[in-house]
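This report describes the domains, the fold and the chain contacts of the structure shown below.

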Amino acid sequence: MTAVFWIAGILAVAGALGVIVAKTPVHSVISLVVNILALAALYLALHAEFLALIQVIVYAGAIMILFLFVIALLTARKDPIERTEGKLEGQRELGLVTAVGGAVLMIAVAASAGLGRMPANEALPSGFGSAAAFGRELLTTHIFSFELTAFVLLAAVIGVVVLVGRRQL
Amino acid sequence: MLDQYTGVGVFLAVGALFVAVTLLAGKLLRPHNPYPEKLATYECGEIPVGEGQIKFHIRYYIFSLIFVVFDVETVFLYPWAVVFEEMGLFGFVVMMLFIGTLVEGLVYAWKKGALRWV
């Protein structure tokens, strides 16, 4: 279990680094897929079986298609245009401050929640993380959030039609 | 739990190894003799015109975005289908409300002609 955590964790970090280091946008997308698959492995290690599969289907499948489409829409040439320093002054420094600040904040939250002191091998309820357990929770406890999701998705469809569809109708 | 996925891990490892070995074997065995005609993009035997990497029309994006929305909907159908029998009519109504809301979006996109390929 620990081995899975370390391998998947290192792959996830490597993938995330690849996204920002890669020179070609398509390579960034491939790195992001590595990151997403490594996260799915981490979810599996946490017994979140259904979530891991969703991670692969939705993120590695559907969301990646959107990323590739954006690249194809803007440019897929070997010499990307946007490689010069952006117009925003000192965005590198600001990015560094934000990244470090975010990391400190996350560690502080994890520490205050006592994540380091949690019992390692607490027995999980049977079927934890399975599609059945997820469905039961979804249709009872979280029914309101579930129906709300439909409206979020509806807003996405309408947003697409309004933003993109106008030009050709 | 993770033990059930050992097969998946083995499959991934063997798959990656297969690709690596095949490419390496090809690299070692094939003759290396590139010339401009051989390196040209293959366009069904025609002489290639323009760049291979072009900008796509934004129209494709509508389809992919709408696909993502319904992909997420499908994701919710799986756990619902698994517990369908124990949830009974209640579960059915809840899911019909969910799908109904999304069908509204589909009808809207359809009526607006966003699904038509002009």
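## Domains of chain A

Chain A is divided into domain 1 (1–76 + 95–118) and domain 2 (130–169), with bounds that come from an automatic or database domain assignment. Taken over C-alpha atoms, the centres of domain 1 and domain 2 of chain A are separated by 23 Å.

## Basis of the model

The model is predicted: local features need pLDDT of at least 70 and side-chain atom pairs count only at pLDDT 80 or more, while totals for chains, interfaces and linings use all residues. Residues are numbered from 1 along each chain as its sequence is written, and chains are lettered from A and ligands numbered from 1 in the order in which they are written.

## Fold and dimensions of chain B

Chain B has four helices and zero strands, in the sequence pattern α-α-α-α. Helices (H or I, at least four residues) and strands (E, at least two) are DSSP runs, numbered from the N terminus.

The C-alpha trace of chain B spans about 70 × 50 × 20 Å along its principal axes.

## Contacts between the chains

In chain B, 41 residues are in contact with 44 residues of chain A, where contact requires C-beta atoms, placed from the backbone, to lie within 7 Å. Helix 3 (59–82) and helix 4 (84–111) of chain B are the elements giving two or more residues to this side. Helix 3 of chain B supplies the largest share, 18 residues.

How values were computed: Contact = placed C-beta atoms within 7 Å.
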